[in-house]
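Subject: Structure handover

Hello,

Here is the structure I promised you. Please open it first, then read my notes below.

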Amino acid sequence: MEDSPNTIQDILQKNQEGLFLNLPSVGIAQKGKSYWFKLDFSSYLHLLAESDTMYIYPGNLDVSWLFYAPNGSIDSLNITRLVPNDLKRASLHSLEYVKVSSKDFFEGNYLLIRAEFHRASPDLDVRTIRFSDSRSHEIFSQFISESSFKSQVLAFFFLGIAAVLMIFNLILFFNMREKQYIYYGAFLLFQLIYYSQISPYLATSFGYNTLYLYFWLTTVSQLLINLSYLLFIRHFLEFPRLMPGFDRIVLGIAGLLILLVLVNSGLIFLKPYSLLQAYLMDFQRYFMAAFAFFGVGYLFFYYPNRLKYFVISATLIFTTGALMTMFLLDLDYMVAGSSIESIIFALGLSYKIKVISQEKRKVENEAFQTKLGALRAQINPHFIFNSLSSIQHLISSGQKEAALSYLSKFSKFVRQVLENSIDVHVTLDKEIELLKVYLDLESLRFDHAFSYKIETPAHFDLSFFEVPMLIVQPFVENAIKHGLMAKLEGERKLIVRFIEEPNHIRCEIEDNGIGRKAAAALKKADYRPSRGMALTEERLRLINREKKETQIQIDDLPVGTRITIKFPKP
């Protein structure tokens, strides 16, 4: 019954008047009010016949006293948990109890408890206070009920998830140096501290033996859960960059939570069961739940990418579990919600890492393509200069028909180069077509002084494979200029072969010229290396920048030289 202003004598008088009988429903306990419980043992005296000592397990009644009647007088035991009290603790499951002799019952075989609820708000219509005799107490202190077992399984399941994810986040932080991983690791740690209340094994690890400290730790951990969660979401969704206005709101709430941590800590140390502290915690719960639902809606409509769906789903599940715990007074709902939420965020972090990796590769590829394009742009003037020099030579030597033919082929070559200039890569058939035009130009320039052949394997779809445009030409030019044209007698032949391999396309450029040693001996002292060859080698280095195999191989033949170049299939 509720009767705040009365003394124990008043309550005893009311009990004699029968006011404890047929009381109306009380419902949820209101904070700050006093409630009287009558523990009537009249129907249980036979259970205590063999043992005079009775063990009472009051549970969490906040500020409370047990009244009994030793030797006919009235006395009380302080069973308030967070102050010096008369409670004892069972060794295994942290069951708190007081021992009372059946001889100390009030007349009528009952005891009285006065309780005030400052932190918890139980449903008093279903509130249970247990008792046992000495033998049962010994058994009960070692016993795990079905509901307790399920709760502890859930607690250790979350412990496993949290431990794995904390290690995972720590590794990611040291590798990527991003604050989101530290904040999420802190979020998991504070959840674990708070949820340790459902497992005495976990609670002991977080200081349950010093109950006052444990009360403070589990209280502020509720605030720190929300704080670390907010800061994690802020970095995970990159609010400062993508939603600066909303980011200012988040920072304001984070500041409010830090203030509540400080105020609550002060109130707990000054007065553990301060009503103001309890009201502040209730305010925080309702406020954060309201902000969570508001934030979910805002993100759904205004956040620009898919990461929001991880946050929305995880927040709704976590908040729903927290609200169910608040109203149904069962922490299992919050633990279950947190377990699902942790799995969702693990997937979200993995997805974000994947997206960042893809964006990084995209940026690197764009930079790579830009550099290739710049290198290719340097090669094109090289072609034009050589071709115009050849036309000039034909005109100056009076070979008008050859000059016109050369000019016609040169215009075709330039047109094809310009048509393909948008793309860094071209199909192999277009590359071969460009190479044929170039070889025709060089053949005309040197008055058909050499012959050439381009070989491709049978059943080889030239249009299926892409290669960097004009990648072979500088090697062909080098073979003609320094190998074949320096040969004074005999037939001059050039063979270009394209060969398909599992992971590469191999190109062999083979000539029967004078060879590298003889060509080196003929070079003048003021000779400068071919700019086209240097640029091509740089292009191949970029294309194969992650490959370790040889890019270019030069072999001296009994007659002539063979150059092998290979590039990966796209």
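In which helix does Arg-234 lie? Arg-234 lies in H6. Helices here are DSSP runs (H or I, at least four residues), numbered from the N terminus.

Some ground rules. This is a predicted model: local features need pLDDT of at least 70, side-chain atom pairs count only at pLDDT 80 or more, and totals for chains, interfaces and linings use all residues. Residues are numbered from 1 along each chain as its sequence is written, and side-chain values use heavy atoms, with hydrogens and water left out.

pLDDT is the predictor's confidence in each residue, from 0 to 100. The protein averages 78. Confidence is highest in helix H8 (residues 244-270), at a mean of 92, and lowest in helix H16 (residues 531-543), at 64.

Now H6. It covers residues 211-236. A kink of about 30° is centred on Gln-222; the bend is the angle between axes fitted to the seven residues ending there and the seven starting there.

Arg-234 is one of the buried residues, at 14%. Beyond four places in sequence, Arg-234 touches (heavy atoms within 4.5 Å) Phe-239, Pro-240, Asp-247, Val-250 and Leu-251.

Finally, the largest nonpolar core has 52 residues. Such a core is a set of buried Ala, Val, Leu, Ile, Met, Phe, Trp, Tyr and Cys residues joined through side-chain atoms within 4.5 Å. H6 gives the most to this core, with 10 residues.

Best wishes

Methods. Helices (H or I, at least four residues) and strands (E, at least two) are DSSP runs, numbered from the N terminus. The expected span of a helix is 1.5 Å times one less than its number of residues. Buried means under 20% relative accessible area, exposed over 50%, partly exposed in between (1.4 Å probe, protein chains only).
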